[in-house]
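Okay, thanks for coming, everyone. Have a look at it while I talk.

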Amino acid sequence: MDRSQILLVGLPLFLLFSDIFNLFFIPPPAKPAAQLHRHHHDSPPVLQEHLQSLEFPTRKATGSGYGNTVSIDFCASCSYRGTAITMKNMLESQFPGINVVMANYPASLPKRVLGKLVPIAQFGVIGIIMGGEHIFPRLGFAAPPQWYYSMRANRFGSMASTWLLGNFLQSYLQSSGAFEVYCNGEMVFSKLKENRFPGEIELKDLVARRISSSRVIDEQIQGGKWS
């Protein structure tokens with residue numbers, strides 16, 4: 001086996017094992033940076049009085065959305081980020097003080113695994129196109145099949161088509177098509193169920209209802225404690 005065949009066989013295997021390792025093994029969390037120890041010297045009493053007089057009273061956070069969290073889980077590979085940012089800005093303006101968190105909604109595990117196998121298939125097809133005369137005899141074929149000669153006749157077109165088709169398939173397998181909105185841990189809208197995006201007014205009303213119901217529950221809990 002010459003150097004080119006070793007490269008064509010070894011590169012897909014290396015990509016396969018690296019993708020499997022990244023898929024099933026989570027890297028350990030980064031260690032926090034070491035903090036420098038500083039020696040604090042006691043300030044004179046006069047200086048401490050001046051410092052105390054300069055302290056400003058802290059303001060409590062206020063707003064109709066304070067204490068509430070909205071999570072927008074969207075498909076990042078589907079170019080839904082712009083819609084998520086628009087909804088985030090709308091919610092922050094309508095409910096001051098609300099915490100809006102955006103995150104990627106990944107595809108299912110089988111689709112992610114198949115998406116990892118697509119690049120290996122791409123390199124395999126390109127390797128067969130480049131060196132099929134040496135690969136097929138090693139696999140037990142007396143002669144390459146007829147479809148190989150058809151692809152070999154248009155070598156660059158076949159490789160370009162394989163690369164473009166593989167990229168399209170990989171993008172499809174990595175997409176989830178999701179745009180899920182949660183308010184305080186409860187789902188208020190699901191694109192996977194509705195098969196559409198929420199309107200701005202619709203989403204504002206859904207979040208407002210959830211916030212008002214959360215306040216009623218909190219008031220009932222507090223009333224039960226005081227009674």
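Let's start with a pair of side chains: E92 and K88 form a salt bridge, and their closest N and O atoms are 2.7 Å apart. Before I go on, please keep in mind that this is a predicted model. Where does this pair sit? Both residues lie in helix α3, 4 residues apart, which is about one turn of the helix. That spacing makes sense, because an α-helix has 3.6 residues a turn, so residues three or four places apart point the same way. And side chains of opposite charge can pair when their charged atoms come close. As for E92 itself, it's partly exposed, at 33% relative accessible area.

Let's stay with α3 for a moment. It covers residues 81–94, so that's 14 residues, and at 1.5 Å a residue they should span 20 Å. Which residues of α3 are buried? A84, M87, M90 and L91 are. They take up an arc of only 125° around the axis, so they sit on the same side of α3.

S79 is in the loop between β1 (69–74) and α3. Its phi is near 60°, which is positive, and it isn't a glycine. S79 counts as exposed, with 65% relative accessibility.

Now let's zoom out. The protein chain has 8 helices and 4 strands. Reading from the N terminus, the order goes α-α-β-α-β-α-α-α-β-β-α-α. There are 227 residues in the chain, and 25% of them count as buried. If you take contacts between residues at least 6 apart in sequence, 70% of them join residues at least 24 apart. The accessible surface is about 16,500 Å², and 62% of that belongs to carbon and sulfur atoms.

Speaking of surface, there's a nonpolar patch of about 300 Å², made by L109, V113, L114 and L117. One of these, L114, lies in helix α4, residues 109–138. L114 is partly exposed, with a relative accessible area of 45%.

Back to salt bridges. How many does the structure hold? There are 4. One of them joins the side chains of E133 and R152, at 3.6 Å from N to O. E133 is in α4 and R152 is in α5 (residues 146–153), so this pair ties together parts 19 residues apart in sequence. E133 is partly exposed at 37%, and R152 is partly exposed too, at 23%.

Another one is between E186 and R210, with the closest N and O atoms 2.6 Å apart. Here E186 is in strand β4 and R210 in helix α8, so the pair ties together parts that are 24 residues apart in sequence. Is R210 buried or exposed? At 18% relative accessibility, R210 counts as buried, because the cut-off is under 20%. E186, on the other hand, is partly exposed at 39%.

So what does R210 touch? Setting aside neighbours within four places in sequence, R210 is in contact with C183, N184, E186 and V188. N184 from that list is my last stop. It lies in the loop between β3 (179–183) and β4 (186–190). N184 has a positive phi of about 55°, although it's not a glycine. And N184 is partly exposed, at 28% relative accessible area.

Conventions
Residues are numbered from 1 along each chain as its sequence is written. This is a predicted model: local features need pLDDT of at least 70, side-chain atom pairs count only at pLDDT 80 or more; totals for chains, interfaces and linings use all residues. Side-chain values use heavy atoms; hydrogens and water are left out. Helices (H or I, at least four residues) and strands (E, at least two) are DSSP runs, numbered from the N terminus. The expected span of a helix is 1.5 Å times one less than its number of residues. Buried means under 20% relative accessible area, exposed over 50%, partly exposed in between (1.4 Å probe, protein chains only). The arc is that of the directions from the helix axis to the C-beta atoms. Contact means heavy atoms within 4.5 Å. Accessible areas come from the Shrake-Rupley method with a 1.4 Å probe; for residues, only the protein chains shown count as cover. Patches are made of residues with over 30% relative accessible area and no salt bridge: like charges are joined within 9 Å, nonpolar side chains (Val, Leu, Ile, Met, Phe, Trp, Tyr) within 5 Å.
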